[in-house]
Amino acid sequence: MRESAKDFIAIMNKFRLLGKKINNSMELSSAEFCVILAIVECTKRKQIEKEAESGVTISEMAAEMGSSMPAASKLLRSMEEKELVERVESKTDRRVTYIKVSPKGLETFNMEKKKQKLIMEKIICSMGEENMKVLLTQLQNLYKYTLQEMEAQKKYD
C-alpha cells in the first residue's frame with residue numbers, strides 16, 4: 001500500500017510539472033482560460049434564460065469558478081490590462097458592472113481551445129479509445145474516493 005501511495009504522489013508531481021510546461025507554451029494561463037470559460041458558460045446560460053443584460057457579474061464568475069471575490073477581482077484586473085476582458089456598466093442599474101470577454105480574449109481563447117482539442121485527440125489516438133475509457137472511469141473513481149475520504153476527515157477534525 002505504501003509503495004502505491006509513493007508511486008501515486010510521484011506521478012501526480014510529474015503531471016504538476018508537465019502542467020507548468022504546458023502553461024508556459026500557452027497564450028493564456030490556466031487561470032485566464034478558466035475565467036474566460038466561466039464567463040462564456042455563464043453568458044450562454046443567461047442567454048438561454050433570456051436575461052436582458054449580457055455579460056456576467058464578478059460574483060457570478062467567481063461562483064462558476066469556485067473562487068473568492070478578491071481572487072477573481074485581482075485576476076480580472078490583470079486580464080483587463082491584457083485586453084482579454086472588458087467591464088460594461090449595466091444599462092438598467094449603474095451600480096452593477098458586467099464582465100464580458102473582449103474580441104481579443106475570445107480569439108485567444110478559441111485558439112487555445114483548438115490547440116487543446118488537437119492535443120487531446122492525439123493522446124486519445126495514441127492511447128486507444130478503450131484505454132481512455134478505462135482511464136476516465138478510474139479517474140472518476142479516484143475523485144469519488146478522495147471526496148469520501150475528505151468528508152470522513154472532516155468528522156474527525
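Which residues in α2 meet which residues in α5?

## Model and contact

This is a predicted model, in which local features need pLDDT of at least 70, side-chain atom pairs count only at pLDDT 80 or more, and totals for chains, interfaces and linings use all residues. Residues are numbered from 1 along each chain as its sequence is written, and side-chain values use heavy atoms, leaving out hydrogens and water.

From α2, Phe33, Ile36, Leu37 and Val40 take part. They meet Gly105, Leu106, Phe109, Glu112, Lys113 and Gln116 of α5 (contact means heavy atoms within 4.5 Å). These residues divide into 6 nonpolar, 2 polar and 2 charged. Here Ala, Val, Leu, Ile, Met, Phe, Trp, Tyr, Cys and Pro count as nonpolar, Asp, Glu, Lys and Arg as charged, and the others, Gly among them, as polar.

## Helix α5

Helices are DSSP runs of H or I, at least four residues, and strands are runs of E, at least two, numbered from the N terminus. Helix α5 covers residues 103-127. Its buried residues include Gly105 and Phe109 (buried means under 20% relative accessible area, with a 1.4 Å probe and protein chains only). The buried residues of α5 pack against α2 and β2. After α5 comes glycine 128, with a positive phi near 95 degrees.

## The core

The largest nonpolar core has 21 residues. Such a core is a set of buried Ala, Val, Leu, Ile, Met, Phe, Trp, Tyr and Cys residues joined through side-chain atoms within 4.5 Å. Helix α2 gives the most, with 7 residues. Val35 is among those with the most contacts inside the core. Valine 35 touches Met61, Met65, Leu75, Leu76 and Met79, not counting residues up to four places away in sequence.

How values were computed: Axes are lines fitted to C-alpha atoms, for helices over the stretch in contact, and angles run from 0 to 180 degrees between N-to-C directions. Buried means under 20% relative accessible area, exposed over 50%, partly exposed in between (1.4 Å probe, protein chains only).
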